[in-house]
Amino acid sequence: ASSETYEDVLEKEQKLRDLLTERGYEYCDPVYTLLFLQSTHLPYIRITPRGIFDVMKKTVLFPSIMR
């Protein structure tokens, strides 16, 4: 949910898609990709609040805040 107008949200989503495409992202729906990667049915990696998590080794591969 957002307090912004539908048009503003669409504009921001398009900007996100454009930026990802410029950086080599090949797929059509980045929001779906993020939702998919945090799904519990994936056997090896997940995106969590802590970062990208290796389920099998129970370790964080890339922390959400990288310095």
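1. The sheet. Three strands form an open sheet in the order β1-β2-β3, and their pairing is antiparallel. β1 covers 45-48 and β3 covers 59-63. Both stand at the edges with a single partner strand each, so one side of each has no neighbour in the sheet. From one strand to the next, the twist averages 30 degrees. Note that this is a predicted model.

2. The β2 and β3 pairing. Strand β2 spans residues 51-54. It pairs with β3 in the antiparallel sense, over 4 bridges. For a landmark, look at G51: it stands opposite P63 in β3.

3. Helix α1 runs over residues 6-22 and has 17 residues. From its first C-alpha to its last it reaches 24 Å. That is close to the 24 Å expected at 1.5 Å a residue. Just after α1 comes G24, with a positive phi of about 100 degrees.

4. Salt bridges, overall. How many salt bridges does the structure hold? There are 3. Side chains of opposite charge can pair when their charged atoms come close. The next points take each pair in turn.

5. E13 with R17. These two form a salt bridge, with the closest N and O atoms 2.9 Å apart. Why does the spacing matter here? E13 and R17 are 4 residues apart in helix α1, so about one helical turn separates them. An α-helix has 3.6 residues a turn, so residues three or four places apart point the same way. E13 is partly exposed, at a relative accessible area of 26%. R17 is also partly exposed, at 28% relative accessibility.

6. E4 with K12. Here too there is a salt bridge, and the closest N and O atoms are 2.9 Å apart. Is K12 buried or exposed? K12 is exposed, because its relative accessible area is 51% and the cut-off for exposed is over 50%. E4 counts as partly exposed, at 33% relative accessibility.

7. E22 with R23. The side chains of this pair meet in a salt bridge at 3.9 Å, N to O. The cut-off is within 4 Å, so the pair counts. E22 is exposed, with a relative accessible area of 62%. R23 is exposed as well, at 63%. Helix α1 covers residues 6-22, and G24 with its positive phi follows just after the helix.

Terms used
Residues numbered from 1 in each chain as written. Predicted model: local features only at pLDDT ≥ 70, side-chain atom pairs only at ≥ 80, totals over all residues. Heavy atoms only, no water. Helix = DSSP H or I, 4+ residues; strand = E, 2+ residues; numbered from the N terminus. Expected span 1.5 Å × (residues − 1). Buried < 20%, exposed > 50% of the residue type's maximum accessible area, 1.4 Å probe, protein only. Pairing = 2+ DSSP bridges. Axes fitted to C-alpha atoms, helices over the stretch in contact; angles between N-to-C directions.
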